[in-house]
Amino acid sequence: MAVFNKNSGLLLLLIPLILFGNTLYGPCLRLVIWVLEMVTKIEEFGYLLKNYGELGYDHLLSGMNCLCLAATVFGFILVQFVLFCSLEWNSEALSGLNSYQKVVGSLFEVVNSRHSGEYVVDLSLLSPAILVVFIVMM
């Protein structure tokens, strides 16, 4: 993905796909079922949301578990993003990028360190502190 480090549009498209297809699958599934229930008024969707334990489908979590999971994921991403931007903003790894590309590249970097393992910068150019943060967050 390093060749796409200046293609901010592609990186912004991939970030939600990576999140929704990985850790946030359960909360997104619950959200889709809830929206379908509100739009279609079909009672089976409400049954799915209320009786998720009986169904045996482990990805359909309770509402509180979905909120806690989403808050944890976005909290970890925020912590990593702040640390990555503060420590690597003027580094050689992000050289040649404008401010907008640095922000999008940094966001892509921190999302993928926990979820898919794709990188847009050379990991050997990152500071040891950021590498430790990536290892801890994995």
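Modeller: Contact here means heavy atoms within 4.5 Å. Keep in mind that this is a predicted model.

Start with the helix pair. Helix H5 spans residues 63-88 and helix H7 spans residues 128-137. They pack at an angle of about 170°, and their axes are 10 Å apart. Angles over 145 degrees count as roughly antiparallel, so H5 is roughly antiparallel to H7. On the H5 side, the contact is made by Phe76, Val79, Gln80, Leu83, Phe84, Leu87 and Glu88. H7 contributes Ala129, Ile130, Val133, Phe134 and Met137. Sorted by class, this contact has 10 nonpolar residues, 1 polar and 1 charged.

Now Phe84. Setting aside neighbours within four places in sequence, Phe84 is in contact with Trp89, Leu94, Ser106, Glu109, Val110, Leu126, Ile130 and Phe134. Ile130 and Phe134 also belong to the H7 side of the helix contact.

Phe84 is also part of the largest nonpolar core, which has 22 residues. Leu19, Phe84, Leu126 and Phe134 have the most contacts inside this core. At least two of its residues come from each of helix H1 (8-20), H5, helix H6 (99-115) and H7. Another core, of 5 residues, lies apart from it; Leu29, Ile33, Leu49 and Leu60 are among its members. In soluble globular proteins, nonpolar side chains tend to be buried together.

Ser106 is a polar partner of Phe84. Ser106 sits in helix H6. Its relative accessibility is 0%, so Ser106 counts as buried. Beyond four places in sequence, Ser106 is in contact with Phe81, Phe84, Cys85 and Leu94. Of these, Cys85 has 14% relative accessibility and therefore counts as buried.

What about the cysteines? The disulfide count is 0. Cys66 is in no disulfide: the nearest cysteine sulfur, that of Cys28, is 9.0 Å away. The cut-off for a disulfide is 2.5 Å between sulfur atoms. Cys66 is buried as well, with a relative accessible area of 6%.

Last, Leu131, back in helix H7. At 29% relative accessibility, Leu131 counts as partly exposed. Leu131 touches Leu123 and Leu126, not counting residues up to four places away in sequence. Leu126 is also a contact of Phe84. Leu131 and Ser106 are 25 residues apart along the chain, and their C-alpha atoms are separated by 13 Å.

Key. Residues numbered from 1 in each chain as written. Predicted model: local features only at pLDDT ≥ 70, side-chain atom pairs only at ≥ 80, totals over all residues. Heavy atoms only, no water. Axes fitted to C-alpha atoms, helices over the stretch in contact; angles between N-to-C directions. Helix = DSSP H or I, 4+ residues; strand = E, 2+ residues; numbered from the N terminus. Parallel < 35°, antiparallel > 145°, perpendicular 65-115°, else oblique. Core = buried A, V, L, I, M, F, W, Y, C linked by side-chain atoms within 4.5 Å. Buried < 20%, exposed > 50% of the residue type's maximum accessible area, 1.4 Å probe, protein only.
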